[in-house]
Amino acid sequence: MKQFPEVIDKTGILISNSSSHFFDHCKKIAEEKYFQFNPKILASASKHLQDLVRIRSVTGFEGKILHHITQTLENYDLPPVFDVNVYEPNIVVEYRGDPKNKKFTSFVSHVDTVDFDANEWSHAPDSGDLIEIDGEWKLYGRGSLDVKQGSAASLALIEALIEQPVDKNFRFVFYEGEETGDPTGASALIQQGIITPENTDVAFVIEPSKKNIIHGAFCNITIEVRVDGISGHSSEPDHAINAIRVLAEAIVEIDEKFERPSIRLGDELFVSTLAPTVFDTPDKSTNVIKGTASALFDLRLVPNTDPEVVRKSIETLLNCVCARHEAESKCTLIKTEQGGVALWNDSTDFDSDIMAPCQLPRKVYTLARAFNLKPLIGKFWSDLATMLSAGIPAVNIGGGPIERAHKKDEYLTIEELGDLMSQMCFLAFDGLE
Ligand SMILES: [Zn+2]
């Protein structure tokens, strides 16, 4: 078997040498978490993360990073228990340590990122800068947190499984198109019958989850509201019906009066959110009163909500304002992404109207107990929802908070990467120490 190369990052830190300062940091995290038997794994995951961040992969341009992952896998001289399949354009690596079992535990990570304006960043978005600040190491770059940490940790775990085989089955899925819900990503893998409820005992969909286990995802829908008034010259407002004024009033009214669906889960109440995020008029002239204006509402709805019911209730509020001003209105559902919840366990006393398409396997509770975690529902949409809608038991795991995603100077701390690494190591190596 080939040796994994000693690696040096651009700041000159030797990260696979047991005497280096950075490696000591990794070792300390490994001792506190679940992989004290293999501290090298975190150093390796850090190096992979740095390499992956240095390859730009904004949605639609993932070719280079997927090629890099394929090449990395080719360098490994994988033993025959591994099988690398490229389902254009996505990569699925299978590790078959238990050939009698037809099911795989899957680690699922998207490789694409949202776009960025490099001028706003103090560390270049593709720098992969690894910097120590007050004893904490931060790795900067677009995608470091959301969610190249998943691919980096997967590659490091594949290396560890080469060195230390286990009698379990794992799948590592590297896929594109998550950030825009592109149909060539997770949904393609499901539609092609590659990820199915029959071959997956649980899919760990990696997203920044603050080391929690998230077993439910909100729906994400977008509604366009449009107002048609009467255009006119700005000097004669009395002869026009100003669509901007009417729409602005409607936005405020919808925000105030829209009844947000909610669910109670244990002690916590989850409430849907609604936010106007786009306001538009067909032309930008300042001396014309606009006869038409439109806005988009982005809604994050608790999992069991019917988008059409929500659309109708927004339409009613909009119609009401428009009628007052004798304007026309239109309310259109332009995007719907399902939500979903997996059952946490038999004794869960969730409200019965929660959509619960699948039961989670025992290993998820074992993981939760070992890490002292409570079940959570994520307020952000992720492909967790895609999996659950297809009846595939799934949860989100991952390091760092979603609040830092999609922002300038995105970073992941090595400690946060260690949070993910420790849970993946627990799933792979529990009972082997
Ligand atoms: Zn993500």
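The model is predicted: local features need pLDDT of at least 70, side-chain atom pairs count only at pLDDT 80 or more, and totals for chains, interfaces and linings use all residues. Residues are numbered from 1 along each chain as its sequence is written. The protein has a mean pLDDT of 90, and 92% of its residues reach 70 or more. Here pLDDT is the predictor's confidence in each residue, from 0 to 100.

**Confidence at the start of the chain**

- Over residues 1-5, pLDDT stays under 50.
- For residues 1-5 the model has seven contacts beyond four places in sequence. Two residues are in contact if their C-beta atoms, placed from the backbone, lie within 7 Å.
- Where pLDDT is low, the predicted coordinates should not be read in detail.

**Domains and the strands at their bounds**

- Domain 1 comprises 21-217 + 340-429, and domain 2 comprises 220-337. These bounds come from an automatic or database domain assignment.
- The centres of domain 1 and domain 2, taken over C-alpha atoms, are separated by 37 Å.
- Strand 8 (residues 213-217) pairs with strand 17 (residues 340-343) in the antiparallel sense, over two bridges. Strands (E, at least two residues) and helices (H or I, at least four) are DSSP runs, numbered from the N terminus. Two strands pair if DSSP finds at least two bridges between them.
- Gly216 stands opposite Val341 in strand 17.
- Strand 17 also pairs with strand 18 (residues 358-359), in the parallel sense and over two bridges. There, Ala342 has Cys358 in strand 18 as its bridge partner.

**Strand 6**

- Seven of the seven residues of strand 6 (residues 169-175) are buried. A residue is buried if 20 or more other C-beta atoms lie within 10 Å of its own, exposed if 12 or fewer, and partly exposed in between, with C-beta atoms placed from the backbone.
- Asn169, Arg171, Val173 and Tyr175 point one way from strand 6, while Phe170, Phe172 and Phe174 point the other way.
- In a regular strand the side chains alternate between the two faces of the sheet.
- Strand 2 (residues 90-96) runs antiparallel to strand 6 and is joined to it by six bridges. Val93 has Phe172 in strand 6 as its bridge partner.
- Strand 3 (residues 104-110) pairs with strand 6 in the parallel sense, over six bridges. Val108 stands opposite Val173 in strand 6.

- Three strands form an open sheet in the order 4-5-21, with antiparallel pairing.
- Strand 4 (130-133) and strand 21 (411-413) are the edge strands, each pairing on one side only.
- On average, neighbouring strands of this sheet are turned by 30° against each other, direction ignored. Axes are lines fitted to C-alpha atoms, for helices over the stretch in contact, and angles run from 0 to 180 degrees between N-to-C directions.
- Strand 5 (residues 136-140) pairs with strand 21 over three bridges, in the antiparallel sense. Tyr140 has Tyr411 in strand 21 as its bridge partner.

**Helix 4**

- The 16 residues of helix 4 (residues 148-163) should span 22 Å at 1.5 Å a residue, and the end C-alpha atoms are 23 Å apart, which agrees. The expected span is 1.5 Å times one less than the number of residues.
- Helix 4 is largely enclosed by the rest of the structure, because 13 of its 16 residues are buried.

**Glu207**

- Glu207 is found in the loop between strand 7 (200-206) and strand 8.
- Glu207 counts as buried because it has 28 C-beta neighbours inside 10 Å.
- Val147 is 60 residues from Glu207 along the chain, yet their C-alpha atoms are separated by 5.9 Å.
- Leaving aside neighbours within four places in sequence, Glu207 is in contact with Asp146, Val147, Ser382, Asn396 and Gly398.
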